[in-house]
Amino acid sequence: MDLPFLLYTLLKIVVVVFALLTAVAYTVWFERKVVAHMQSRWGPTRVGPYGLLQPLADVIKLITKEDITPSGVFRLVYLAAPCLAVITALLVFAVIPFGPRTEMGGIDIFQITDLDIGLLFILSVSSMGVYGIALAGWSSNSKYSLLGGLRSSAQMISYELAMGLSIVGVVLLTGSLSLRQVVDNQSGSWWGIIPHWNVIPQFIGFFCYFVSAIAETNRLPFDLPEAETELVAGYHTEYSSMRFAMFFLAEYTNMTAVSCVATVLYFGGWSGPVFGPEALQTVLPLLWFFLKVLAFLFVYVWIRGTLPRFRYDQLMAFGWKFLLPLALANMVLTSFVQAVRYGG
Amino acid sequence: MYEILFFVFAAAAVGFAINLLVQRHPIYSAISLIGVMASLASLYLMLGAEFIAAVQVIVYAGAIMVLFVFVIMLLNAGVEERTNRSRMAKQLGAPLVVLLLGLLTSLVYRNFPPDAAVRFGDFPGQTADIGRRLYIYYMLPFEVVSILILVAIVGAVVLAKKET
Amino acid sequence: MTALDLAAILPIAILTITAIICMMMGTVRRETAASLCSTISLTGLAAASAAVIYQRSYSGLAFVDTLSVDPFARYFQLLFLVVAALVGLASREYLWREGMAIGEYYALMLFATAGMCLMAAANDLMVIFIGLEISSLSSYILVGMRRNDAASSESALKYFLLGSFATAFFLYGVALLFGVSGSTKLTAIRAFLYGGQNAIPASAALGKNPVLETVAMQSQFGFTGSMDLLLGAAIALIFVGLAFKISAVPFQAWTPDVYQGAPAPVAAMLSTAPKAAAFAAFIRIFMVSLGASAAQWSHLLWATALLTMTVGNLAALWQSNLKRLLAYSSIAHAGYMLVAFTSCSTDGITAILFYLAGYAFMNIGAFIVVTHVAGPGERLTELDDYAGLGFRSPALAALLTIFMLSLIGIPLTAGFFGKFYIFRAALDSGLLWLTIFGVLNSAIAAYYYLQILVAMYMKQPIDSAAPVADMPAGARTVVTVCAAATLLIGIQPSAVLRMAEYAAQWLPQL
Amino acid sequence: MVPLSYYLVLSAILFSLGVAGFIFKRNLVTLFMSVELMLNAVNLSFVALSYYFRQLDGQIFVFFVMVVAAAEAAVGLAIIISVFRNRQTLNVDEISRLKL
């Protein structure tokens, strides 16, 4: 392992994290604006043009607020839980390819690292995400937090199953766990019009993935862990200031991560029409990728603005009795088709 | 470089394992065990077992330990008390454990050829090969563990469900 | 999938499917569920037995050397199926009486049987491990199925904790054995230990790896001097894991508590089938793979056999609870079987197989009688509850007498020939002292079995003792069958003996 | 370059620590976690030996051990919950029948 490689990788990480944090801040703005317009309101308008500086103001507010650590909490875990939530959310981006392999000094600049087991890496990181929430709920030593934490850990392990199984369909089509190969496998089109995206053969898988992803990120209509009407604010009831902001950050980072993964797995990643001069050709894939992710974020917000919250038993029944069998059926069907196609 | 990494992760694993023993609250023990598992996953990576490393995190740390944490939270388990019996266990068990430790380590250390060394990248991870081997040579165990999982589901439901 | 593969997996597949059907019976009304489930499971067990018998025309290794089709496996599989049928039939009314989950009970029992069948036929430590876990997990759950009874769930917990602890030892032993030989296949390990060849099959090696040959060489050279120590550790650890399952001393501590807390029919099964399965794995691993180092492990067996017999019998002397007493007696009987195992000869193995069959009938019979006498909630299990049983219900007492006499080893019962073959095999192998201790132990054992007979026939019933109700049909059939089989084997042992001999002869000679 | 035996020694140490936990700890859940630690130690041995033989059987064994551990965890925790319902305690010593 040589030094330039290390430095380049570090640089990539810094850039991605910085861009990501900015993007997340603006996702909040985006959500507030979209929901507001859906409800015939204006949303943030005062800070900056169209309220564009609102995220900045929010960050400043959250940082400068007093950080209260309630007495009676399990201190170490209480302090570590939000960090855990953020770290696991950020780690997913280590394997996401943002564009085609573009080398600069022998190093791919559009992906931090291309793991052979990229998909498994994402699954393993997201399976660790539950600890941040569960431990936050437990360590707060408050009944609302505890119930929120319990709910969330049950919800997340339940929907993780459906998520993992729905991804298997894509793996079966690709024959690899590397995200770059998944995207490469989706290049080209049928009859020159319909792109080779996995969402077409795997629409059931995509549906399962997206629904369970929403549940995994604890977003509406699956946001029971923080259902304010029942549990005050769920697992982060006792948190304030920056620590609260970290949960907030983790949630939106997770949303972005899930959108990125959905784009890569089902919507051809960066693939899209590429034209024009060379510089444009390099940048266009990034733009397509960005637009696709943005579309997913819009769907997220749209769902939030439209659907009511599930009841807890409905949520569990939906996950176990509907989504899981559906994902299983999709997996069996896909493997059957693949076996017939490449039967030997 | 890799020597350092090995020693860092090995020390982390042992440290977390000792912490598991020392901590009085089960949730801290659980967190320590997660630490052990994460350190082991890194060691698996260094041994070229990428797939096992990922599965270690997904299954062990991400599913089994979540279940543990969940149950600890559900039962609201408190700090464990020390009772008379535990003192007795200590006096009887301590020499036994030390004996076991000494025997196992010396045996393993002495009897494996010292020139067998681990070089990173010598045995690159072969997830596809594992799959192929699993489905061809180990088809029977692979199919049969499904019975085991079914047993576990039935058992968990029978034992833990509410009275009807 | 070849015809051999199909024949090898067929009994297990039938059992699994039957179990799943039983599981779905949770949806029908409780009144019908019990008889329905027992009928279904009996049908399934009969079909599985037919499949086992059908296997006779095949032999060899199936599923790429992971499963062995041979008479040894078949003998054990038939034994498990018979035990499951007896226990299943006997617990029909019991489940209803105790308000337990019926469909799940039968399903778990069949799953456990499937796991044991797998253990008996496995040719790969991995498959043995999985079979062991299937049967153990099912047993843990069965033990704890009387959920509202603190004793039941506590004994399940104890069984579970110690069981998984022992499994970890077993696994570590497997890991070391894998380290020594480079394979988990029993036949490959045997080839390595006898021939000194590294057992990595050519198919396992990844073609693109030039290092492989040198590594294989290295390990071979590296091990020539020190293999014995590592192998010894592996044997000891595997021994610990399996000794727990057959409840050999000093790993017997769980047995009385678990048998006492478990539902009585489950205890009847635990004392026979899983023990037999553990013996099957034990014999197969040690005789097939580790035969080359028999000199090392036969000493271990000698000491364990002696301790197990003695501790089991001595502890049984002080018991007043019948379930506990039978538990200690089952420890002692495991000790007798270990005596035969110590001889490491075909005769010894034959004796174990024969003994297991006879023991299954007498012990299940005894446990079912105890189940019935215990009454609702299993309250009447003390020795005093049996006072005057000979007058209160003579038939029940007579049956229990047959089982007790057989457990003592009185002639004309299965127990007599069982002990006879065991001690003869031990004497033939020159284990004089062990035989003497064994006979002495049998004499001690007679005391506590006779104690029960004394209570039944020579003590006045306590006034408050309610008359024992008539035995329900299912249990009555089972007890009758068990008594008949005990006597039949005791009078005419040749049929079972021939089967046992045929099975034992299949094993490689040491 | 780390000698292979270091990995195996680490595995032996972790295994012994697991045994120690099983003997010394009093909380049921922690007891069970000690068993999990032992299984993890064994897994490390398998992976190291798999590397040593440059062959995947060891890793496949680990895969099965993980499945078994998951099944065991489900059943074990269900048993612990059912004991807790009857006894309202997780201390081994207070569960009278459990003479470990």
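A: The bend at a residue is the angle between axes fitted to the seven residues ending there and the seven starting there. Helices are DSSP runs of H or I with at least four residues, strands are DSSP runs of E with at least two, and both are numbered from the N terminus. In helix 3 of chain B a kink of about 30 degrees is centred on B:Met65. The model is predicted, so local features need pLDDT of at least 70 and side-chain atom pairs count only at pLDDT 80 or more, while totals for chains, interfaces and linings use all residues. Residues are numbered from 1 along each chain as its sequence is written, and chains are lettered from A and ligands numbered from 1 in the order in which they are written.

Q: Why is helix 3 of chain B called largely enclosed by the rest of the structure?
A: A residue is buried if 20 or more other C-beta atoms, placed from the backbone, lie within 10 Å of its own, exposed if 12 or fewer do, and partly exposed in between. In helix 3 of chain B, 23 of the 26 residues are buried, so the helix is largely enclosed. Just after this helix, B:Asn76 takes a positive phi of about 50 degrees.

Q: What is found in helix 3 of chain A at A:Ala81?
A: A kink of about 30 degrees lies there, shortly before the proline A:Pro82. Helix 3 of chain A (residues 75–91) reaches 25 Å from its first C-alpha to its last, close to the 24 Å expected for its 17 residues. Its buried residues include A:Tyr78, A:Ala81 and A:Pro82, and the buried residues pack against helix 1 (3–38), helix 4 (118–139) and helix 9 (241–266) of chain A.

Q: Which chains share the most contacts?
A: Two residues are in contact if their C-beta atoms, placed from the backbone, lie within 7 Å. Of the four pairs of chains in contact, chains B and D share the most contacts, with 72 residues taken from chain B and 61 residues from chain D. Helix 4 of chain B gives the most to the side of chain B that touches chain D, with 12 residues. That side has 56 nonpolar, eight polar and eight charged residues, where Ala, Val, Leu, Ile, Met, Phe, Trp, Tyr, Cys and Pro count as nonpolar, Asp, Glu, Lys and Arg as charged, and the others, Gly among them, as polar.

Q: What makes strand 1 of chain B and strand 1 of chain D a pair?
A: Two strands pair if DSSP finds at least two bridges between them. Strand 1 of chain B and strand 1 (residues 2–3) of chain D have two bridges, in the antiparallel sense, and B:Ala117 has D:Pro3 as its bridge partner.

Q: How does chain D compare with a compact globule of 100 residues?
A: The radius of gyration is taken over C-alpha atoms, and the globule rule is 2.2 Å times the number of residues to the power 0.38. The rule gives a value near 13 Å, but chain D has 17 Å. The C-alpha atoms of chain D fill a box of roughly 50 × 25 × 20 Å, taken along the principal axes.

Conventions:
The expected span of a helix is 1.5 Å times one less than its number of residues.
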